Amino acid sequence: MHFGTLGKTQFRVSRLGFGSMGLRGPRTWGVRVVDDAQAERVLNAALDAGINLIDTAPDYGLSEERIGRFLKHRRAQFLLATKCGCDPLQHADQLEIRHTWTAEVVRRNLETSLQRLQTDVIDILQFHGGSAETLQQSGLIELLQTFRKQGSIRWLGISSALPELPRLLQLGVFDTVQVPWSCLQPQHSDCIAQAVAKGCGVIVRGGMAQGGPDAQIQRPVLNDIWQRAQLDELVPSGSSRAQFILRCTLSHASHHSVIAGTASLEHLAENVAAAAAGPLPADLVEEVRRRVHAVLQ
Ligand SMILES: NC(=O)c1ccc[n+]([C@@H]2O[C@H](COP(=O)([O-])OP(=O)(O)OC[C@H]3O[C@@H](n4cnc5c(N)ncnc54)[C@H](OP(=O)(O)O)[C@@H]3O)[C@@H](O)[C@H]2O)c1
């Protein structure tokens, strides 16, 4: 496993992190349900492989509870990032995701997350969206700073995207930023540069384009970009397309950690191998960028 510095946190983070949204369990959304036994195997295998950043959220069904239950005894081995502003509503079969920007909800999120995750401290508490104006006017940034002084969180983060992200970064209060990026969806490149200039740790989601054309759950929009850019021509022999996409993302030093999610031990092993292989040659990364840019014009 390769490691990098997560911006001003100075934490030595594994370049490959783990996103646990796929471990959300029943009565949430999507077509697949991962059971407890598989969640336990995958979470432990992620740590065994040297991954030391796990991302979750109160919005992800059983994910927080499973991390607490299955990794409590290994808590010192990883950086735990969860989210706040989450006000999900459980219906009979489905979880409705809602975000509410009040102190009551954020306090409740922190209390519930600490309990479910079976920990005394959340390493990174990220606002799960929200605009600069909302977070400032509601006093929620000060609230997180109070949590930090009290010792229940270590760092303040934001998980966001365009169009809100540039204004949020200008506030200069976040230690980390979570942002979508892959060679098929490079629209946040400037935001990432802005975040690095502010000293933020950059956590990339969507960094393997959900498995790209190799995914079990297909994403037609991403596959169309892949096809039109004729990226099959560039995949080195012996590499899957998913591994190629992940390595492209990891080839950028400014992407401090890429939280790739999977519920499959085989895919986890593939992702770990891709991360271990290190960056792709710079001219290959540039050729991918050039081709995708031409398609997205
Ligand atoms: N707004 C937000 O804050 C936000 C939004 C979205 C996500 N997130 C976070 O970011 C994390 C990552 O999200 P994401 O969108 O990148 O991915 P994700 O939702 O975690 O899912 C990744 C997808 O890629 C597939 N996959 C993984 N490795 C593969 C491989 N080697 N070959 C083929 N398919 C593979 C997985 O399927 P298998 O299970 O079959 O491997 C899964 O369907 C999430 O888990 C969550 O923690 C945050």
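**Close-up views of a ligand shell and a helix**

**View 1. The shell around the ligand, sorted by residue type.** In this predicted model, the shell around the ligand holds eight nonpolar, 16 polar and four charged residues. Nonpolar means Ala, Val, Leu, Ile, Met, Phe, Trp, Tyr, Cys or Pro; charged means Asp, Glu, Lys or Arg; the others, Gly among them, are polar. Residues are numbered from 1 along each chain as its sequence is written. Local features need pLDDT of at least 70, side-chain atom pairs count only at pLDDT 80 or more, and totals for chains, interfaces and linings use all residues.

View 2. The ligand is surrounded by 28 residues. Near means a C-beta atom, placed from the backbone, within 6 Å. The closest are Gly-19, Met-21, Arg-205, Gly-211 and Gly-261. At least two shell residues come from each of β12 (257–260) and α10 (265–276). Helix α10 gives the largest share, three residues. Helices (H or I, at least four residues) and strands (E, at least two) are DSSP runs, numbered from the N terminus.

View 3. Ala-39, Val-42, Leu-43 and Ala-46 of α1 are buried (20 or more other C-beta atoms within 10 Å of their own, C-beta atoms being placed from the backbone). These buried residues line one face of the helix, because they fall within an arc of 95° seen down its axis. The arc is taken from the directions from the helix axis to the C-beta atoms. On the other side, Ala-37 and Asp-48 are exposed (12 or fewer).
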